[in-house]
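Hi,

Here is the structure I promised to pass on.

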Amino acid sequence: MAIVDLIRQKFELADFKLKTLLEITMAINANSSASELLQRYRGILCDDFGIGCLATFVCNQNWKKVVSVGIPDDLGNNADEVSSALLLFKDVTDIRDREESLFKPFDLVVPVYHKNTPLAFVLIGNVSSNKSIFGENPLQENLDAIQILSNVIVVALENKRLYKKALEQESLKKELEVASRLQAMLIPAENSLPENSFVKISSYYHPHSMVGGDYYDFMQLNESEYGFCIADVSGKGISAAILMSNIQANLRILFKKNVPLTNLIKELNQNVNKNSQGDRFVTFFIGQYNGATKILHYINAGHNPPFLLKKETSELLSLTSGCVGLGMLDEIPSITVGTVNINSGDKLICYTDGLTESENSAGEAFGTVPIENLMKKDISAATTVSQLCSELEQFIESNMANDDVSIMGIDFL
């Protein structure tokens, strides 16, 4: 071949590669879909570069075959097989002598990496030499273009995937913000809690994430009777928050119907079983206080026992009478109703395990000792709640609480 013809061929080949790359770049800039980009990519490699066997695998959690030409449909469908075979390759490698069935139709593997992370693998075989522009060794002549083209396509696909993921995360964040606002409406605001001649209520609520599985409530049943509760749904997140809101709705209906505490617990247990289908359970403490008779009835369904300080005797009681947690059994076999006579000046602190299980940087749990120590001080339940929050903040320092934290205090007047 004359030197002039060889130079002309080189220029034609270089011009062809530039036009090919420009075509793909314009398609990417035009925001073509992933399927459109892959179709163009397949057309260039097979129609223009004369590749007869082609398989392209990209990683999105698992390795997936996104381009397939001239090979059996079932070849490369096993993600584990593909992963174990391809992750061995860091550079362009001749695979004609490899024994793995995955490599049989192919001559070459072209890896696509971002730093040390594999993004894709392109397997090439049965390259035609019909086009004179490619010379006698078309695969070798076009290898650089194939690598560049593959990198551009794979990076474009990865960017599309990351952009889609970012949109989904932003959408989820907005949904969580709405859910958080709705849940906040179910938790009584501090200024809505009663303060009258019978009781004064104080509280603290801090969800682990935007929504949580803790719940407390306080309801006036009639002129002198009050119902209150604190609960903790196992787990965290949206599903826990949904179950919590369902409990709140059912509890308020049952309390308004003046259902006895034992029947109320049985009804709630059925409700939790129906809605969680065994995936979650709820620890639950419920009390009913009569300000006229000064008698407190309660049931502790597997919850952290609240502390009741008897002011006259300085006795600190742990309210444990009750039953197993809601949703732990299809039917609760035995329920014990606790009864306590209340005197003016007594105080009660209810809390969830997010308080006692919060850890400091040394991995030590907050525990119940700080609660007990504060309960024994001559301070109100409201002050006890406030000081508990301060002590917890100092204890965990910069650590995040690893669960929802809820505290409710009652001063009996």
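Predicted model: local features only at pLDDT ≥ 70, side-chain atom pairs only at ≥ 80, totals over all residues.

Ring pairs join Phe198, Phe218, Tyr226, Phe228, Phe285 and Tyr298 into a cluster. Across the structure there are twelve aromatic pairs. One of them is Tyr113 with Phe121, an edge-to-face pair at 6.2 Å centre to centre and 85 degrees between the planes. Tyr113 and Phe121 are both buried.

Another pair, Phe228 with Phe285, is tilted, with 6.3 Å centre to centre and 35 degrees between the planes. Phe228 sits in strand β8 (residues 225-233) and Phe285 in strand β9 (residues 282-290), so this pair ties together parts that are 57 residues apart in sequence. Phe228 is buried, and Phe285 is buried too.

On to the charges. A search of the whole structure turns up five salt bridges.

- Arg96 bridges to Asp94, with the closest N and O atoms 2.4 Å apart. Arg96 is exposed at 55% relative accessible area, while Asp94 is partly exposed at 38%.
- Glu100 meets Arg98 at 3.3 Å, N to O. Glu100 is partly exposed, with a relative accessibility of 29%, and Arg98 is partly exposed with a relative accessible area of 29%.
- Asp346 pairs with Lys310, and their closest N and O atoms are 2.8 Å apart. This one links distant parts of the chain: Asp346 is in the loop between β14 and β15, and Lys310 is in strand β11 (residues 307-310), 36 residues away. Asp346 has 1% relative accessibility, so it counts as buried; Lys310 is buried as well, at 10% relative accessible area.

Lys347 is in strand β15 (residues 347-351).

Last, the surface. Phe281, Val324, Met328 and Leu329 make a nonpolar patch of about 300 Å². Met328 lies in the loop between β13 (322-323) and β14 (338-341), and it is partly exposed, with a relative accessible area of 42%.

Cheers

Key
Residues numbered from 1 in each chain as written. Heavy atoms only, no water. Phe/Tyr/Trp six-rings, centres within 6.5 Å; stacked < 30°, edge-to-face > 60°. Buried < 20%, exposed > 50% of the residue type's maximum accessible area, 1.4 Å probe, protein only. Helix = DSSP H or I, 4+ residues; strand = E, 2+ residues; numbered from the N terminus. Patch = residues over 30% accessible without salt bridge, like charges linked within 9 Å, V, L, I, M, F, W, Y side chains within 5 Å. Areas by Shrake-Rupley, 256 points an atom, 1.4 Å probe, with all protein chains shown as cover. Salt bridge = Lys/Arg side-chain N within 4 Å of Asp/Glu carboxyl O.
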